[in-house]
Amino acid sequence: MLPLALTATGVRAQMLTLGTGRLDTLSDGHLVLPRDFVLGDLPEAEAGPILTGLGITGDTVMPPCNLTLWRDGARKVLFDAGSGAGFMPSAGKLAEALDGVGVGAEEITHVIFTHAHPDHLWGVLDEFDDPVFANASYMIGQAEWDYWTDPATVDSIGAARAAFAVGAARRLAEIEDRMEFIKAGQEVLPGIMAHDSPGHTPGHMAFEIRQGGDAVMVVGDAIGNGHLALARPDWPAGADQDPDTGIATRTRLLDMLASEGMAMVGFHLPEGGLGRVERADGAYRFVAEV
């Protein structure tokens with residue numbers, strides 16, 4: 001493990017070696033969201049004190065966006081593609097982060113999607129709608145693809161997220177000819193295993209990178225933040241499309257990660273997103289790797 005480093009975006013990033021490979025977390029900047037996006041339908045009287053105790057105050061939250069780059073031999077694998085220029089001005093910083101680790105977008109061989117929300121997908125196209133990763137192949141879960149490419153999704157997802165559906169369908173169509181559909185339990189590339197982790201979206205996937213006895217789990221948004229998701233994993237998350245399924249996925253992942261001591265990368269977790277889950281006070285806490 002190497003120390004945390006300050007990236008060109010001014011956000012902490014992390015790196016570890018795993019067998020013959022190297023994993024870097026790359027900052028795509030951060031989002032700016034209303035507080036109730038995190039709270040959802042939770043009563044402020046219950047959730048507020050927990051958030052305050054963890055330093056979350058005010059009317060907005062600013063979750064970091066941590067992409068994962070895995071390099072092993074000739075493969076340069078990016079997990080998710082970031083926001084690009086079209087989602088929020090505070091995000092879309094992946095190009096600078098890649099430059100900071102000496103990798104050009106044209107060198108990426110594979111992009112593997114945890115899910116197709118804007119901050120994970122929209123960065124596949126540039127401002128001219130050309131593919132950013134010109135030489136990459138793409139992978140996504142079949143259920144996730146089916147959901148976002150279904151014309152009925154824009155009407156069923158709700159008005160607040162209708163733009164998510166329109167944007168996802170347009171971008172997925174642009175890369176369809178280089179897309180491979182994957183399923184849980186599949187070794188999608190040597191040493192990378194797909195795991196079902198639905199709830200945040202219908203076909204959300206996590207990915208276990210393993211080299212011998214060492215492993216790290218790229219969890220995407222299945223563990224969506226470093227506060228309520230760990231302190232009260234049994235509470236519904238406002239960002240999850242299916243909150244009940246999200247609770248079941250989150251509690252299962254947290255129990256496994258804590259029991260096995262496996263490292264993880266969370267897309268919206270603090271300090272670069274790389275760390276471990278520990279049991280604490282009847283729930284969990286995230287401990288960043290340093």
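Q: What volume does the second largest pocket have?
A: The model is a predicted one. In this model the lining of the second largest pocket is made up of 23 residues, with G84, A85, G123, L125 and V132 nearest its centre. The volume of the second largest pocket is about 320 Å³.

Q: Which element gives the largest share of the lining of the second largest pocket?
A: Two elements give two or more residues to this lining, α3 (94–100) and α7 (162–174). By class, the lining holds 11 nonpolar, 5 polar and 7 charged residues. The largest share, 3 residues, comes from α3.

Q: Which residues are the closest to the centre of the largest pocket?
A: The largest pocket holds about 980 Å³ of space. Its lining counts 48 residues, and the closest to the centre are V38, G224, N225, G226 and H227.

Q: How many residues in the lining of the largest pocket are nonpolar?
A: Elements that give two or more residues to this lining are α1 (35–39), α4 (118–121), α8 (228–231) and β18 (283–288). Sorted by class, the lining has 8 charged and 10 polar residues, and the nonpolar ones number 30.

Q: Which strands stand at the edges of the open sheet of 7 strands?
A: The order in this sheet is β12-β13-β14-β15-β16-β17-β18, and the pairing is mixed. From one strand to the next, the twist averages 35°. A strand with a single partner has one side left without a neighbour in the sheet, so the edges are β12 (187–189) and β18.

Q: Which residue in β17 does V265 stand opposite?
A: Strand β16 covers residues 263–266 and strand β17 covers residues 274–280. The two pair in the antiparallel sense over 2 bridges. In β17, the residue opposite V265 is L274.

Q: At about what angle does helix α9 run to β17?
A: Helix α9 (residues 243–260) lies across β13 (192–196), β15 (214–220), β16, β17 and β18. Its angle to β17 is about 95°.

Q: Is α5 roughly parallel or roughly perpendicular to α7?
A: The axes of helix α5 (residues 142–149) and α7 come within 8 Å and cross at roughly 115°. Angles of 65 to 115 degrees count as roughly perpendicular. The relation of α5 to α7 is therefore roughly perpendicular.

Q: How many charged residues does the contact of α5 with α7 have?
A: From α5, W145, W148 and T149 take part, and they meet F164, A165, A168, A169 and L172 in α7. The classes here are 7 nonpolar and 1 polar, while the number of charged residues is given by the word no: there are no charged residues.

How values were computed
Residues numbered from 1 in each chain as written. Predicted model: local features only at pLDDT ≥ 70, side-chain atom pairs only at ≥ 80, totals over all residues. Heavy atoms only, no water. 1 Å grid on protein atoms, 1.4 Å probe; cavity = no way out; pocket = protein on both sides within 12 Å on 5 of 7 lines; lining within 4 Å. Points joined across faces, edges and corners; volume = space filled by probe spheres on them. Helix = DSSP H or I, 4+ residues; strand = E, 2+ residues; numbered from the N terminus. Nonpolar A, V, L, I, M, F, W, Y, C, P; charged D, E, K, R; others polar. Pairing = 2+ DSSP bridges. Axes fitted to C-alpha atoms, helices over the stretch in contact; angles between N-to-C directions. Contact = heavy atoms within 4.5 Å. Parallel < 35°, antiparallel > 145°, perpendicular 65-115°, else oblique.
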